[in-house]
Structures are given as structure tokens and as C-alpha cells.
Amino acid sequence: MVLFSFIYNFGLALILYQMNKLTRSGAFSAFVLGFIVLGFGHLLFYVLMLSFLFSSLLINKVILRFIPNIKESVKEHEPRRWVNVLANGSWLGIASLVYYFNPSNVIIALAIISMATATADTWASEIGTLSLETP
């Protein structure tokens, strides 16, 4: 599983970098995080991480496609850096390593909570860009 995790996450990070969704440092951080989560955590952890990633990308695409006269700052979404990756996924990475050495339902719950929090924050930021007022 560790070799598969290495290859799969390297490819995913490279694709996201080429799509200009991640900076070089963001791609490296996403690779390391994905490798840890898939290689050492529960499979559910990786499903949650991918759900977070793809739902966030989808929300941004939907906003750009269906909202007329959108602000330029929203259209020019800058690629995510290592700070963004770690802010959203570091607790999941830690939970994956802890789960590897000490599997428990408490760690699974903490991983779910960490990704729910990161997803809520990211979705709120994406949707909040539509506000005409400064938050």
C-alpha cells in the first residue's frame, strides 16, 4: 500500500500543479500529506481528503461558471501553497500516523471532525467571495 500511495499521490500532486491549482510547495506538501494519509491512515481518511479536495474545486468551478459579473479577485484564484495544504490537512496527517500505531474509533472520529472543519472553512471562503461587502 505504501508504494501505491507514493505513486498515486505523486501523480495527483503533479496534475494539480500542472492545472495551476497548487504551487510547487503546495504540490510537495499535498504529495507528502496524501502519502501519509493513504499509506498509514484508514482508507476513510483518504476518501475524506479527496472529497474535500474535489468538492472545493467543484464549488469554485460552479461559482465561476454560473455567477454572472463575478469580481476579478474571485476569477483569479491563486494556486494553493504549502500553508493552505497544511492548514487544511495537518490534523488528518497526524491522525493517520496515530491511527497506524494505535487504531481506534476515537482517532477515526477526530479525523472526520478535522476534515469537516477544513471543508466548512474552505466552502465558506469560496462562497464568501460572492459577497458584495467586505466580511
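**View 1. T122 and its partners in a predicted model**. Skip the neighbours within four places in sequence, and T122 is in contact (heavy atoms within 4.5 Å) with F52, S56 and N88. T122 sits in helix α6, a helix being a DSSP run of H or I with at least four residues, numbered from the N terminus. Its relative accessibility is 9%, so T122 counts as buried (under 20% relative accessible area, 1.4 Å probe, protein chains only). A word on bookkeeping: residues count from 1 along each chain as its sequence is written, and side-chain values use heavy atoms, leaving out hydrogens and water. Since this is a predicted model, local features need pLDDT of at least 70 and side-chain atom pairs pLDDT 80 or more, while totals for chains, interfaces and linings use all residues.

**View 2. F45 in the largest nonpolar core**. This core (buried Ala, Val, Leu, Ile, Met, Phe, Trp, Tyr and Cys joined through side-chain atoms within 4.5 Å) has 23 residues, and V37, F45, Y46, M49 and L92 touch the most other members. Not counting residues up to four places away in sequence, F45 touches V37, L92, A95, S96, Y99, I107, I108 and A111.

**View 3. Helices around the lining of the largest pocket**. α1 (2-18), α2 (24-40), α3 (43-66), α5 (82-101) and α6 (105-128) each supply at least two lining residues, lining meaning an atom within 4 Å of a pocket point (1 Å grid, 1.4 Å probe, an open set with protein on both sides within 12 Å along at least five of seven lines). With eight residues, α3 gives the most.

Definitions and conventions: Buried means under 20% relative accessible area, exposed over 50%, partly exposed in between (1.4 Å probe, protein chains only).
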